[in-house]
Amino acid sequence: MHRYIFGDVTLELIEGDITRQPDMEAIANAANAQLYAGGGVDGAIHRAAGPGLEKEAHPLGPLKPGEAVITGGHNLPNKYVIHCLGPVYNRDIPHDTFLANCYKNALHLCEEKNIKSIAFPAISTGVFGYPPEEAAPVTLKAVIDAMPSLKSLQTIRVVLFGSRMHEIFREALKKLI
Ligand code: ADP
């Protein structure tokens, strides 16, 4: 299952690179607490956006796990970046609540800004050590639960890095719906 539709809102799962989603108004970042340019997906986003992104983002920190803040997209093809601090697995407890809060808070910011589309990476599944098989149902449930109350968002895309991650999220979606 690659797609789930509720009313006017579509959830898509694709394999790809979050920095190459020019049709999305916003992308989410798996940021660090201080909102400095880091590694992983965060490094890729800051490289593509240019140094202005860190300049704008850093003063908005520090973030606590589950929190999200919004900046412009700078040199990215997207108008906005929503920076989320995911939980470190087995350190920021309860990690499932904090992970779900990232997605809920990011979606809430989109609604406030009247954003029509957002792409997310799989927050916390890299350096932060959240096993993808556990992160996938938490992530997808948080998004699916929010879908009925969304007014401005029409497309929510989860961009999975590599075929294994894509497969894990597809399987999790199949089980949830
Ligand atoms: P965290 O610290 O939240 O775990 P990471 O950046 O280490 O963040 O990893 C989060 C996820 O992002 C991982 O699944 C990783 O494979 C994925 N990822 C890395 N680069 C990209 C990219 N360019 N586009 C989309 N996802 C990416």
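How far is the sulfur of C110 from the closest cysteine sulfur, and in which residue is that sulfur? The sulfur of C110 lies 9.1 Å from that of C84, so the two are too far apart for a bond.

## About the model

This is a predicted model, in which local features need pLDDT of at least 70, side-chain atom pairs count only at pLDDT 80 or more, and totals for chains, interfaces and linings use all residues. Residues are numbered from 1 along each chain as its sequence is written, and side-chain values use heavy atoms, with hydrogens and water left out.

## Cysteines

Zero disulfides turn up in a search of the whole structure (a disulfide being a pair of cysteine sulfur atoms within 2.5 Å). C102 is in none, with the nearest cysteine sulfur, that of C84, 5.1 Å away. C102 is buried at 0% relative accessibility, and C110 is likewise buried at 0%; buried means under 20% relative accessible area, with a 1.4 Å probe and protein chains only.

## Helices α3 and α4

Let's turn to a helix pair. Helix α3 (residues 95-112) packs on helix α4 (residues 132-146) at about 35 degrees, their axes 9 Å apart. Axes are lines fitted to C-alpha atoms over the stretch in contact, and angles run from 0 to 180 degrees between N-to-C directions. On the α3 side the contact (heavy atoms within 4.5 Å) uses D96, L99, A100, Y103 and L107, while α4 brings A135, V138, T139, A142, V143 and A146.

## Overall picture

The protein has five helices and seven strands, taken as DSSP runs (H or I, at least four residues; E, at least two). Its C-alpha trace spans about 40 × 35 × 30 Å along the principal axes, and buried residues make up 50% of the 177.
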